[in-house]
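My entries follow in the order I made them.

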Amino acid sequence: IWNGHGYTAYSLLDDNYVLRPHEAFFVQCPTDATSMKFKAEGRQHTYDASSDPARVKVAKFTSPNSRQVFNLTLAGTEYTDKARVVINEAAKLDYEISCDASKFMSSNALVPQIYIIENGQKMAIDERPLSDGTISIGMYIGESGDYTIGMSTAIAEDIVLKDNATGKTTNLNNETYTFTASKGTIDNRFSIQIGNTTGIEDIYVKDKTTESAIFSIDGQKLSAPKKGINIINGNKTLIK
């Protein structure tokens, strides 16, 4: 959707957005779709997303506990842009038209832009497995000056931003990071590290006489580990 100075990518799974009369929009068409239908019950007379069950999506295709969604923001003195990473062990690192979104760059050369870089692709939404937990962040700077990177949605995992130019690291769950940059494209300066886990194929099986404490990343106690990030006896463990 054009937001007045750039484009914002929305997901049917994670966002509620109300289209305005005569508003233009782009749709990424799934490979198995041949048409779109806007049903009459989806109409409304306010710009607030309806909570009427008859008007909203029926169900999510994956358990909310299996996906972690966080939104990165890049703010200058006048404009703000955003990009999204979704950690989902059922997703792929390759571009998937059902859940990923390419970055549409603004036609206004002054607007800063932030995006995820995955296999050379600039992405507004990147749904992917945790893998090694390291994600490359790129951006376009419209004017030389100070800019701030933040995260508008906090999650249980640590999201650590690294500035490769200065060596500084910042946990975006706790604070924002302000830096100075010259006008132009920056694709190698920043990366984020999610948590401090590394992928493993199996977990260590403790002696049966020792009770294990297993929790999901959102704090729910589990009877057994499940795919994704688990907290086992106080340690973060990724189960593939």
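Entry 1: I began with S131, which counts as partly exposed at 29% relative accessibility; buried means under 20% relative accessible area, exposed over 50% and partly exposed in between, with a 1.4 Å probe and protein chains only. The model is predicted: local features need pLDDT of at least 70, side-chain atom pairs count only at pLDDT 80 or more, and totals for chains, interfaces and linings use all residues. Residues are numbered from 1 along each chain as its sequence is written, and side-chain values use heavy atoms, with hydrogens and water left out.

I found S131 in the loop between strand 5 and strand 6 (134-141). Strands are DSSP runs of E, at least two residues, and helices are runs of H or I, at least four, numbered from the N terminus. Phi of S131 is near 55°, a positive value in a residue other than glycine. Most residues other than glycine have a negative phi.

I then looked up N119, whose phi is also positive and near 55°. N119 sits in the loop between strand 4 (113-118) and strand 5 (121-128). With a relative accessible area of 61%, N119 is exposed.

**Entry 2: rings.** How many aromatic pairs does the structure hold? I noted 10. Rings of Phe, Tyr and Trp (its six-membered ring) pair if their centres lie within 6.5 Å; planes under 30 degrees apart count as stacked, over 60 as edge-to-face and the rest as tilted.

Why is the pair of W2 and Y7 edge-to-face? Their planes are at 70°, with the ring centres 5.0 Å apart, so the pair falls in that class. W2 is partly exposed at 38%, and Y7 is partly exposed at 26%.

F25 and F38 are also edge-to-face, at 6.3 Å centre to centre and 75° between the planes. Both lie in the segment before strand 1 (67-75), so the pair ties together parts that are 13 residues apart in sequence. F25 is partly exposed at 33%, whereas F38 is exposed at 58%.

I also noted a cluster in which ring pairs link W2, Y7, F26 and F104.

**Entry 3: whole chain.** I looked up the secondary structure and got 0 helices and 15 strands. Of the 240 residues in the protein, 38% are buried. Taking contacts (heavy atoms within 4.5 Å) between residues at least 6 apart in sequence, I noted that 62% join residues at least 24 apart.
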